[in-house]
Amino acid sequence: MSWRRSIELRGAANGASISSVTVHSDMRFLVYNIRYATGTGPAFHLPVPGAGYLRSSRQVLDRITEFLKSQDADVVGLVEVDTGSVRTGMVNQADYIARALGHYSTYECKYGASSLNQLMPIVRKQGNAFLAAPRVTGERFHYFSTGIKRLIIELELDELAIFLVHLSLKYRHRPYQMRYLHELVRKSTKPVIVAGDFNTFWGEHEIYLFMQASGLRSANVDGKPSYPSRNPRRELDFILYSDGIEITNFDVPQVQFSDHLPLVCDLRVVERIAPGPRPFQPTTAAAAG
């Protein structure tokens, strides 16, 4: 799917003035926690629980890349990306996938600049990333004041702004993080998407007040679970959107390349433009004097 833009004109018949101009921008957005391409299944916990975090698989990375190619998304938000540690043989997974997709990439370590995690091998290369095909006017990095995973990546496109997050595993941190997100959403002058891994083990109930305060809605209207991928029971991953955006399709593909399932969303940004005043055109009689 490619970024498409169309214009709809409304007006009276017989060449009368245009009463409204509506600009539609269609795009596909995908968000996926890929768990550093370490895979899933029993082998992940051998020889000790969680040992799989220390060994990434090029085969898994290639499978994820081929899946993303098949989805042909305009913007991809990746959570838990290794940006070039010994775990991946110094391969930056964000760049690796972006090159295969022909996308622009932006990424950053998910821990704050003052975090001790910035000094630890492997861990300091753990981040989140955007891969984007359409026009990109800039990206900004914000940081929560609480929690271990503090990064917020803001990707600004011509038509909207997208915030990619990975919220804290600790319940007591998440309300503070969502309050900060609310301030970012409130300040945006464009339609907004907030997406990523929210770690909300109570699902949408946990973010209800945040959504109400921010005026956001979930693209996943049926509350389809995304975790764990082999037997999904929890809704941890979200795509939330504001006014000015219409959802035309939503899917949770059942692929098991990570412990999370991806979310794929087709959306339309709708911009209604009031036409300016028509230039004065004298009648024939007036023109004749």
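Which side chain meets that of D259 in a salt bridge? The partner is R35, with 3.5 Å from N to O; a salt bridge here is a side-chain nitrogen of Lys or Arg within 4 Å of a carboxyl oxygen of Asp or Glu. This is a predicted model, in which local features need pLDDT of at least 70, side-chain atom pairs count only at pLDDT 80 or more, and totals for chains, interfaces and linings use all residues. Residues are numbered from 1 along each chain as its sequence is written, and side-chain values use heavy atoms, with hydrogens and water left out.

**Overall make-up**

- The protein has 5 helices and 13 strands, where helices (H or I, at least four residues) and strands (E, at least two) are DSSP runs numbered from the N terminus.
- Of the 289 residues in the protein, 51% are buried; buried means under 20% relative accessible area, exposed means over 50%, and partly exposed lies in between (1.4 Å probe, protein chains only).
- Among contacts with a separation of 6 or more, 65% are between residues 24 or more positions apart, a contact being heavy atoms within 4.5 Å.
- The protein exposes about 14200 Å², and carbon and sulfur atoms supply 53% of that area; accessible areas come from the Shrake-Rupley method with a 1.4 Å probe, and for residues only the protein chains shown count as cover.

**The largest pocket**

- The largest pocket has a volume of about 420 Å³.
- It is lined by 24 residues, and those closest to its centre are E80, K149, H166, L169 and N199.
- On a 1 Å grid over the protein atoms alone, a pocket is an open set of points where a 1.4 Å probe fits, with protein on both sides within 12 Å along at least five of seven lines, and lining residues have an atom within 4 Å of a point.
- Grid points are joined across faces, edges and corners, and the volume is the space filled by probe spheres set on the points.
- The lining of the largest pocket is made up of 9 nonpolar, 8 polar and 7 charged residues; Ala, Val, Leu, Ile, Met, Phe, Trp, Tyr, Cys and Pro count as nonpolar, Asp, Glu, Lys and Arg as charged, and the others, Gly among them, as polar.

**Salt bridges**

- The structure holds 11 salt bridges.
- D259 counts as buried at 11% relative accessibility, and R35 counts as buried at 7%.
- E154 and R140 form a salt bridge whose closest N and O atoms are 2.9 Å apart.
- That pair links strand β7 (residues 151-157), which holds E154, to strand β6 (residues 136-143), which holds R140, across 14 residues.
- E154 is buried, with a relative accessible area of 8%, whereas R140 is partly exposed at 39%.
- A network of salt bridges links R140, E154, E156 and K190.
- D243 forms a salt bridge with R217, with the closest N and O atoms 3.1 Å apart.
- D243 sits in the loop between β11 (237-241) and β12, and R217 in strand β10 (residues 217-218), so this pair ties together parts 26 residues apart in sequence.
- D243 is exposed, with a relative accessible area of 57%, and R217 is partly exposed at 34%.

**Surroundings of K125**

- K125 is in the loop between β4 (104-109) and β5 (126-132), and counts as partly exposed at 32% relative accessibility.
- From C-alpha to C-alpha, K125 and G84 are 6.2 Å apart in space, although 41 residues separate them in sequence.
- Leaving aside residues up to four places away in sequence, K125 touches V81, D82, T83, G84 and S85.

**Backbone details**

- Most residues other than glycine have a negative phi, and most peptide bonds are trans.
- The peptide bond from Y227 to P228 is cis, with omega near -10 degrees, and P228 lies in the loop between β10 and β11.
- A37 is not a glycine but has a positive phi of about 55 degrees; A37 lies in the loop between β2 and α1 and is buried at 0% relative accessibility.
- D72, also not a glycine, has a positive phi of about 50 degrees; D72 lies in the loop between α1 and β3 (75-82) and is partly exposed, with a relative accessible area of 39%.
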